[in-house]
Amino acid sequence: MKQLILVRHAKSDWPEETEDFDRPLADKGLQDALKMSKFLKNNNISIDYFISSPALRALSTCKIFNQTYRVNHTTKDKLYNPSENNFLSVIYDLNDEVNSVAFFSHNNGISNFANSISEDIFHFPTCGVAGFEIDCDSWSQFDGANKKVLFFYEPNKIKL
């Protein structure tokens with residue numbers, strides 16, 4: 001079994017004359033990311049590895065989660081403004097030693113991808129997190145594997 005966790009970046013700010021790629025997290029985003037990472041860890045959600053969009057708001061969310069988890073992380077350009085195929089491409093590049101991975105990305109791509117692998121309808125709020133159990137031994141089997149939603153958490157609906 002593998003586990004895929006999808007995390008939409010936390011609430012961002014958009015200061016004047018700032019490019020989309022360079023948007024920082026808002027204060028609420030900083031708080032939500034810390035709260036969500038602690039909530040997941042306190043609920044025994046194991047994550048072996050983080051992969052983030054290189055955009056500042058996603059990477060900042062990833063780094064805050066990593067203050068809680070302390071695991072290896074990297075960035076993949078394909079997770080910035082992603083299509084469903086971009087997610088699949090990153091999945092197929094995963095090392096099979098990784099059993100549980102979290103992707104930090106953006107809407108609409110992250111919601112569209114979650115909907116493409118599930119019967120449930122997802123619309124990720126900022127810092128929303130969905131976890132999926134993937135019935136496979138190798139990430140190369142992802143497409144044909146059974147996928148089950150384990151959880152969907154929104155920062156405004158959780159308590160530490």
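This is a short tour of selected residues in a predicted model. Residues are numbered from 1 along each chain as its sequence is written, and side-chain values use heavy atoms, with hydrogens and water left out. Local features need pLDDT of at least 70, side-chain atom pairs count only at pLDDT 80 or more, and totals for chains, interfaces and linings use all residues.

**Stop 1: the salt bridges**

The structure holds 4 salt bridges. A salt bridge here is a side-chain nitrogen of Lys or Arg within 4 Å of a carboxyl oxygen of Asp or Glu. Select Asp20 and Arg23. Their closest N and O atoms are 3.2 Å apart. Helices (H or I, at least four residues) and strands (E, at least two) are DSSP runs, numbered from the N terminus.

How exposed or buried is Arg57? Arg57 is buried, with a relative accessible area of 5%. Buried means under 20% relative accessible area, exposed over 50%, and partly exposed in between (1.4 Å probe, protein chains only). Arg23 is buried at 14%. Asp20 is partly exposed at 22%.

Next, select Lys157 and Glu154. Their side chains meet in a salt bridge at 3.6 Å, N to O. Lys157 is exposed at 66%, and Glu154 is partly exposed at 24%. Back at the previous selection, salt bridges that share partners join Asp20, Arg23 and Arg57 into one network.

**Stop 2: a buried serine**

Select Ser37 in helix H1 (residues 27-42). Ser37 counts as buried because its relative accessibility is 0%. A polar contact of 2.8 Å joins the two side chains. Such a contact is a pair of N or O atoms within 3.5 Å; within protein, one must be able to donate a hydrogen and the other to accept it, and residues adjacent in sequence count only if both atoms are side-chain atoms.

**Stop 3: backbone exceptions**

Most residues other than glycine have a negative phi, and most peptide bonds are trans. Select Asn81, in the loop between strand E3 (72-75) and helix H3 (84-92). Its phi is near 50 degrees, a positive value. Asn81 is exposed at 53%. Move to Cys127, in the loop between H4 and E5. Phi of Cys127 is near 65 degrees, also positive. Cys127 is buried at 0%. Finish at Asn107 and Asn108, which are joined by a cis peptide bond with omega about 5 degrees.
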